[in-house]
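Take a look at the charged side chains in this protein. This report follows a few of their pairings.

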Amino acid sequence: MVPSAGTDEEATAELRADVRAFIAEQLAADAFNPAVDAWLSRWDEEFTAALAARGWLGMTVPVEYGGHGRSFQERFVVTEELLAAGAPVAAHWIADRQIVPSLLKYGTETQKQRFLPRIVRGECFFGIGMSEPDSGSDLASVRTRAERVDGGWSLSGTKVWTSGAHLAEAFIVLARTAPVDPQHRHAGLSQFIVDLREPGIQIRPIISMNGAHHFNEVILDGVMVPDDMVFGEIGNGWQQVTSELSFERSGPERFLSTFVLLAACADRMAANSIPRDADLGRLVARIAGLHRMSTAVAGALGRHEPADLSAAVVKVLGTTTEGDIAEFADLQDPPDSVFAELARAAVDQRPGFTLRGGTNEVLHGVIARGLGLR
């Protein structure tokens, strides 16, 4: 497992031990098979319910909204252990990682009361509606439009790479509410909470080359969104999205998607099933460093400090490391079928590591500007 380090090791050691014991019980009961990229590709509502029953969903949600009022560091410990085990956490991942802090920061009282308690109970699943066809990572170029109508807004446009949209209840959509200003391309954007079961929504599966289905294209055709589902302030969408991306880019899923494969490499090497190679030690050292960096970002987010730049650094370094783990394993002669399947899945998923959450090429620019190099 990942080293037990953090800002307060004594306070989190018992929690980490509890999570490891739970995972061991689940594995012994054949509740899941460890998988690469399980936070994206393994949707299991029963596993999510088991986590909720132990108080491990919505950990940072205040008690008045049905949550547990715990720290970002405590939540980090839980998510890190689940990722390291390759556990099936996709059902609640986006809601717990991204929607919870966004609702707490920008949501109305009505929105908090409606969604937060159900997310905590593992009963409400969300997606994210940011990316669009032909837009890449340039969110300022989104063409989905929201037009003012009686009692709310009418949304039309297309979103892609929407993970879990075919199973989720709602997603938060970034749309244009004012014409594009060439001098201020990020202005005129707003966010809306959209019920994925509303009339006018068509969800089309995007099937990966390996046959997997977790991505979707979501087409909105005059979808009515009432005023009470406007998320944050009209025209403040870009600032809100930037804040949300800190949670998306800095988490341990940005360097632990292939950890179960790295652990398999270490186990097989210790048993002399694959050749000893110093590169494995280098990969382990990189993961340990990223663990420290990501923990520091979690601390900053818990203190409500800006973390956009550091989150981008974690995302770039973490996803690069994930790809290198996949490549290292792929170069080995598979000693058994479990190892072979993990390595194959990692290679299949590798192209997406550096794309999701903003391409690494775009984030290089974000980092350079943040450091005053551009």
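Which residue forms a salt bridge with Arg268? The partner is Asp336, and the closest N and O atoms are 2.9 Å apart. This model is predicted. The pair links distant parts of the chain, 68 residues apart. Arg268 sits in helix H9 (residues 259–270). Asp336 sits in the loop between helix H11 (308–330) and helix H12 (337–353). Arg268 is buried, because its relative accessible area of 16% falls under 20%. Asp336 is partly exposed, at 27% relative accessibility.

Pairing of this kind has a simple basis. Side chains of opposite charge can pair when their charged atoms come close.

| Salt bridge | Closest N and O atoms |
|---|---|
| Arg268 and Asp336 | 2.9 Å |
| Asp227 and Arg148 | 3.1 Å |
| Arg350 and Glu327 | 3.5 Å |

Now take Asp227 and Arg148, which form a salt bridge. Asp227 is partly exposed, with 35% relative accessibility.

Next come Arg350 and Glu327, also a salt bridge. Arg350 belongs to helix H12 and Glu327 to helix H11, 23 residues apart. Arg350 is partly exposed, at 32% relative accessibility. Glu327 is partly exposed too, with a relative accessible area of 38%.

Salt bridges can also form a network. Here one links Arg16, Arg20, Glu80 and Glu81. The count for the model comes to 21 salt bridges.

Technical notes: Residues are numbered from 1 along each chain as its sequence is written. This is a predicted model: local features need pLDDT of at least 70, side-chain atom pairs count only at pLDDT 80 or more; totals for chains, interfaces and linings use all residues. Side-chain values use heavy atoms; hydrogens and water are left out. A salt bridge is a side-chain nitrogen of Lys or Arg within 4 Å of a carboxyl oxygen of Asp or Glu. Buried means under 20% relative accessible area, exposed over 50%, partly exposed in between (1.4 Å probe, protein chains only). Helices (H or I, at least four residues) and strands (E, at least two) are DSSP runs, numbered from the N terminus.
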